[in-house]
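Hi everyone, thanks for coming. Let me put the sequence and the structure up on the screen, and then we can walk through them together.

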Amino acid sequence: MDSRRRVPRTDAVLADPRLAEAARRLGRGIVKSAVVAAQERARRGEIAPESVADTAAAALPSHAATLRPVINATGVLLHTNLGRAPLSAAAREAVLAAAGCTDVEYDLETGRRARRGEGALAAVREACPAAEAVHVVNNNAAALVLAATALARDREMVISRGEMVEIGDGFRLPDLLVSTGARLREVGTTNRTTAADYAAAVGPETGFVLKVHPSNFRIEGFTAQAPVRELARLGVPVVVDIGSGLLAPDPALPEEPDAATVLREGADLVTASGDKLLGGPQAGVILGRADLVERLRRHPLARALRVDKLTLAALEATVRGPRTPTDEALHADAGVLRRRAERLAERLPGHDAAAVESTARVGGGGAPGVELPSAAVSLPASYAVPLRRAGVVGRLESGRLLLDLRTVPAELDDGELARRIERAVAAGEERPCT
Ligand SMILES: *Cc1c(COP(=O)(O)O)cnc(C)c1O
């Protein structure tokens with residue numbers, strides 16, 4: 001076919017100055033893939049052979065990884081599939097600054113090795129003075145594995161039957177804990193476990209008592225739980241997995257435990273996630289008694305769970321820096337959200353857009369049952385696919401697509417969001433959605 005012969009050769013297209021520049025920035029492989037895809041389209045007759053370079057240039061990704069930034073308009077603050085907590089601008093800058101060579105484990109005064117990530121550890125200690133010491137690992141699951149291995153291997157962890165939880169994607173905490181060689185000593189029942197149940201099970205075999213915050217479900221009705229204060233009197237270490245990583249109480253989430261309160265009540269160690277309500281990077285934060293933290297830190301397994309300089313930078317800037325996007329979303333005023341939704345709907349004439357009330361949630365396995373009054377723009381359900389392709393993720397509810405503004409940062413100009421919606425829908429009309 002004539003047009004097939006006229007499709008320009010790959011090398012010739014790659015010589016286009018825009019593509020040559022992109023190859024220096026993104027790597028040749030990514031640019032070549034875009035060129036090959038454009039050549040295919042020209043061979044199929046979808047585009048003119050002369051526009052192969054233009055088409056390839058337009059299809060180039062903005063950066064060299066396939067992870068794409070998205071706007072979380074789901075109304076779920078900590079959406080696990082969308083990377084949980086978005087980092088603050090301060091944390092993003094800290095990550096970028098630490099990305100090259102950095103003094104993560106080096107003292108620039110003496111020229112000697114220094115404690116890894118001391119700045120991040122100090123930031124968490126200062127934010128939670130009830131903790132004598134802090135250690136940071138890859139995530140909360142890693143924190144629990146490290147505690148179980150270092151403190152209860154070949155011994156027992158005493159845990160309530162009401163706290164044997166599945167954290168998501170089929171991962172169950174009990175399975176994770178016994179994989180370390182520590183044994184579970186289950187006490188109480190699903191709905192009721194008392195301090196006396198724990199006391200009867202504690203003995204020479206006990207490594208520690210473990211309390212796990214039931215962060216993704218609620219047990220209501222005839223229930224009983226042993227307070228940390230009473231467990232602290234049993235004479236064995238008490239480890240509390242608080243889940244969400246609040247360092248101090250938050251009045252908006254009265255049921256959510258926080259590290260400072262739990263430590264003051266007598267917990268010896270607290271473990272938490274960095275990327276839930278703490279609002280930082282994926283990490284497992286371990287806070288508490290200095291001797292126990294040191295045992296965990298010195299355990300050989302700690303090396304396999306240690307965090308990267310990027311995580312340490314993001315964590316420190318999250319804790320020391322301004323309010324996190326998660327905190328701002330959690331406390332956003334419902335009236336302000338309503339007005340944003342109304343203005344956004346007005347900016348979308350001809351799209352059957354309306355401002356509606358909505359209910360946002362914390363998500364990420366946190367604060368189950370907490371409903372955050374919110375506002376959304378309601379759009380036709382058929383917009384869901386083109387908007388997702390444009391990186392705007394909403395929520396389908398009662399046959400409509402809702403864009404919930406509680407999780408859309410206020411700094412993101414809603415006018416820009418409206419233009420993105422317009423463009424996405426226009427592009428979607430050209431390309432049939434499947
Ligand atoms: C989320 C959660 C975990 C798992 O934390 P990751 O940081 O995802 O490993 C463990 N325990 C509780 C109570 C949680 O809420």
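Of the 434 residues in the protein chain, 45% are buried, where buried means under 20% relative accessible area, exposed means over 50%, and partly exposed is in between, with a 1.4 Å probe and protein chains only. Please keep in mind that this is a predicted model, where local features need pLDDT of at least 70, side-chain atom pairs count only at pLDDT 80 or more, and totals for chains, interfaces and linings use all residues. Residues are numbered from 1 along each chain as its sequence is written, and side-chain values use heavy atoms, with hydrogens and water left out.

Now the overall picture. The C-alpha trace of the protein chain spans about 85 × 55 × 40 Å along its principal axes. Its secondary structure comes to 19 helices and 17 strands; these are DSSP runs numbered from the N terminus, helices being H or I with at least four residues and strands E with at least two. The domain assignment gives domain 1 (12-58), domain 2 (71-82 + 327-430) and domain 3 (89-321), and such bounds come from an automatic or database assignment. Between the C-alpha centres of domain 1 and domain 2 there are 34 Å.

Let's go to the ligand. Which residues come nearest to it? Of the 14 around it, they are A141, S215, D241, S273 and K276, and a residue is near if one of its heavy atoms lies within 4 Å. By type, the shell holds four nonpolar, seven polar and three charged residues. In that scheme Ala, Val, Leu, Ile, Met, Phe, Trp, Tyr, Cys and Pro are nonpolar, Asp, Glu, Lys and Arg are charged, and the others, Gly among them, are polar.

A backbone N or O atom of A141 sits 2.8 Å from a ligand oxygen. The side chain of D241 has an N or O atom 2.6 Å from a ligand nitrogen. For S273, a side-chain N or O atom is 2.7 Å from an oxygen of the ligand. On its own the ligand has 380 Å² of accessible area, and the protein covers 94% of that; the method is Shrake-Rupley with a 1.4 Å probe, and for residues only the protein chains shown count as cover. Two or more residues of the shell come from each of α8 (140-152) and β10 (238-243).

UniProt, in an unreviewed entry, places the feature "modified residue: N6-(pyridoxal phosphate)lysine" at K276; UniProt positions are in the numbering used here, feature names are shortened, and annotations may be inferred rather than shown by experiment. K276 lies in the loop between β11 (269-273) and β12 (284-288). Is K276 buried or exposed? K276 counts as buried because its relative accessibility is 9%.

One more loop, between β1 (71-72) and α6 (89-98), contains T74. With 5% relative accessible area, T74 is buried. R84 is in the loop between β1 and α6 too, but R84 is partly exposed at 23%.

Finally, some backbone angles. Most residues other than glycine have a negative phi. R84 is not a glycine, yet its phi is positive, about 50°. D352, in the loop between α17 (334-346) and β13 (354-360), is not a glycine either and has a positive phi of about 55°.

Definitions and conventions: Polar contact = N/O pair within 3.5 Å; in protein donor to acceptor, adjacent residues only side chain to side chain.
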